[in-house]
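These are my notebook entries on a single structure. I set down what I looked up, one topic at a time.

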Amino acid sequence: MQRQIFTEEHDAFRETVRAFLAKEVLPHYEQWEQDGIVSREAWLAAGRAGLLGLAVPEEYGGGGSDDFRYSAVLAEEFTRAGAPGLAIGLHNDIIGPYLTGLGTDEQKRRWLPGFCSGETITAIAMTEPGAGSDLQGIRTTAEDKGDHWLLNGSKTFISNGILADLVVVVAKTTPDGGAKGLSLIVVERGAEGFGRGRNLDKIGQKSQDTAELFFDDVRVPKENLLGTRDGAFLHLMTNLAQERMGIAVAGIAAAEHLLEITTRYVKEREAFGRPLSKLQHIRFEIAEMATECAVTRTFLDRCIVDHSDGVLDAVHASMAKWWATELQKRVADRCLQLHGGYGYMSEYKVAKAFTDGRIQTIYGGTTEIMKEIIGRSLLA
């Protein structure tokens, strides 16, 4: 089906993204995968190409557009290229809104120019060894010491954890406040007492640095409070829909690309003297996946437009996230199966997509959490 949500400007941006990937990412990606981290130069190149800070006001060096369709183009093209390691979506769509929506004028002047140029790489530190989606379980504390915050605790599974120059930390500022006693505290590279653990060894997305972070009596300036004190819960809930949309967009893009790869493969691969595509079972498998992708794409495109118009709610974002990522997981598994033994070989795209994509149903809120959000809205 012909997609109808993009304009000529979006199509031109897509060509810019493809050119960037071809020049600045794909020639280096295998080395990044071996190193477990991308080059900082790639971030600077992304800044020069205008791929960072799409929604940041132009006065700070950004694109000045809150049209989510540009972010969708980025997510789709990076997914099709098999290059999730350069976590531009995390930087633009998850952390960017906190800085632009909650930052003071002084904070924006201090942080946003580097955010847009690629000189300042960002991360958000929410998950802890004993607390993931359950914000009430967060144990990291930020104690008010008058002229500064004293930060103590640890975080884990933090994307961009090694490279990050600016980390938005979710910390408890009112000890007995539960989820409503949390604040967002921004920690900058070089702060005394701020340490990074090992670059975690994952089964996929090897070049995307994911780390443990440690805060041992870190003195954070009072002016690094982002948003309101004890307001983190509301701040986090406000921006989660966009995070989940970005993951969902990548999910359907991955499923569609895997289907394309596998369709070509079964036409070329022969068994028992004829192409696999001549076997009825293979045709049925392809037909089922194609139909599932087409139906999902229609819903996702509607969600993209709604989000660009500012009317997408948390429930439909949760629907999009769990459905698209679970579809991605099913399609990856079925496509690998159709590749046979070759699908298990790392040099084949389907194998890499299988391991890289497995995290999709977990981060940004697990499938089970998404269903809980939807169920509560219907049965409250």
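Entry 1, a surface patch. I first recorded what a nonpolar patch is: nonpolar side chains, Tyr and Met among them, joined within 5 Å, from residues with over 30% relative accessible area and no salt bridge. The model I examined is predicted. In this model I found that Y342, Y344 and M345 make a nonpolar surface patch of about 350 Å². I located Y342 in the loop between α8 (314–338) and α9 (349–356). Y342 counts as partly exposed because its relative accessibility is 38%.

How many salt bridges does a search of the whole structure find? I noted 30.

I saw that the side chains of E77 and R18 meet in a salt bridge, at 2.9 Å from N to O. E77 belongs to helix α3 (residues 68–80) and R18 to helix α1 (residues 8–35), so this pair ties together parts 59 residues apart in sequence. E77 is buried, with a relative accessible area of 5%, whereas R18 is partly exposed at 38%.

I noted a salt bridge between K352 and E33, with the closest N and O atoms 3.8 Å apart. The pair links distant parts of the chain, helix α9 for K352 and helix α1 for E33, 319 residues apart. K352 is partly exposed at 24% relative accessible area, and E33 is buried at 18%.

I recorded a salt bridge here with the closest N and O atoms of R297 and E76 3.7 Å apart. R297 lies in helix α7 (residues 280–308) and E76 in helix α3, 221 residues apart. Both R297 and E76 are buried. Salt bridges with shared partners join these two residues into one network, whose members include R18, E77 and D301.

Definitions and conventions: Residues are numbered from 1 along each chain as its sequence is written. This is a predicted model: local features need pLDDT of at least 70, side-chain atom pairs count only at pLDDT 80 or more; totals for chains, interfaces and linings use all residues. Side-chain values use heavy atoms; hydrogens and water are left out. Patches are made of residues with over 30% relative accessible area and no salt bridge: like charges are joined within 9 Å, nonpolar side chains (Val, Leu, Ile, Met, Phe, Trp, Tyr) within 5 Å. Accessible areas come from the Shrake-Rupley method with a 1.4 Å probe; for residues, only the protein chains shown count as cover. A salt bridge is a side-chain nitrogen of Lys or Arg within 4 Å of a carboxyl oxygen of Asp or Glu. Helices (H or I, at least four residues) and strands (E, at least two) are DSSP runs, numbered from the N terminus. Buried means under 20% relative accessible area, exposed over 50%, partly exposed in between (1.4 Å probe, protein chains only).
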